[in-house]
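Hi,

Here is the structure I promised to pass on. Have a look at it first, and then read my notes below.

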Amino acid sequence: MVKGTPSMGKYNKPQHIRCRRCGHRSFHKSKKRCAYCGYPSPKWRSYNWLNPKKR
Ligand SMILES: [Zn+2]
């Protein structure tokens with residue numbers, strides 16, 4: 001009997017490395033794109049749900 005989630009422990013190899021622009025470890029190695037700021041896109045990744053003031 002397996003307790004918990006069997007798929008746990010399969011993520012030993014991180015796909016995200018340190019992004020040079022935002023500094024987060026969100027730069028995808030194979031996709032070559034930062035999940036946090038969207039690097040190398042010239043515009044920073046943003047969603048309207050990130051800033052609820054502006055809607
Ligand atoms: Zn970034």
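C34 and R21 are 13 residues apart along the chain, and their C-alpha atoms are separated by 9.0 Å.

Before I go on, a word on how to read all this. This is a predicted model, in which local features need pLDDT of at least 70 and side-chain atom pairs count only at pLDDT 80 or more, while totals for chains, interfaces and linings use all residues. Residues are numbered from 1 along each chain as its sequence is written, and side-chain values use heavy atoms, with hydrogens and water left out.

**The sheet**

There is an open sheet of three strands in the order β1-β2-β3, and the pairing is antiparallel. Strands here are DSSP runs of E with at least two residues, numbered from the N terminus, and two strands pair if DSSP finds at least two bridges between them. β1 (16-17) and β3 (33-34) are at the edges with a single partner strand each, so one side of each has no neighbour in the sheet. β1 and β2 (residues 27-28) run antiparallel and are joined by two bridges. Across that pairing, I17 stands opposite F27 in β2.

R33 is partly exposed, with a relative accessible area of 35%. The C-alpha atoms of R33 and C19 are separated by 8.8 Å, although the two residues are 14 residues apart along the chain.

K32 belongs to the loop between β2 and β3. K32 counts as exposed, at 52% relative accessibility.

**Aromatic rings**

Rings of Phe, Tyr and Trp (its six-membered ring) pair if their centres lie within 6.5 Å; planes under 30 degrees apart count as stacked, over 60 as edge-to-face and the rest as tilted. By this rule there are two aromatic pairs. In one of them, the rings of F27 and Y39 have centres 5.9 Å apart and planes at 55 degrees, so this pair is tilted. F27 sits in strand β2 and Y39 in the segment after β3, so the pair ties together parts that are 12 residues apart in sequence. F27 is buried, at 14% relative accessibility, whereas Y39 is partly exposed at 21%.

The rings of Y47 and W49 also pair: their centres are 5.2 Å apart and their planes at 10 degrees, so this pair is stacked. Y47 counts as partly exposed, at 39% relative accessibility, and W49 as exposed, at 59%. W49 lies in the segment after β3.

**A surface patch and a cis bond**

Which residues make the nonpolar surface patch of about 360 Å²? They are Y47, W49 and L50. A nonpolar patch joins side chains of Val, Leu, Ile, Met, Phe, Trp or Tyr within 5 Å, using residues with over 30% relative accessible area and no salt bridge (a side-chain nitrogen of Lys or Arg within 4 Å of a carboxyl oxygen of Asp or Glu). The areas come from the Shrake-Rupley method with a 1.4 Å probe, and for residues only the protein chains shown count as cover.

Back at Y39, a cis peptide bond joins this residue to P40, with omega about 10 degrees. P40 is found in the segment after β3.

Cheers

Notes. Helices (H or I, at least four residues) and strands (E, at least two) are DSSP runs, numbered from the N terminus. Patches are made of residues with over 30% relative accessible area and no salt bridge: like charges are joined within 9 Å, nonpolar side chains (Val, Leu, Ile, Met, Phe, Trp, Tyr) within 5 Å. Buried means under 20% relative accessible area, exposed over 50%, partly exposed in between (1.4 Å probe, protein chains only).
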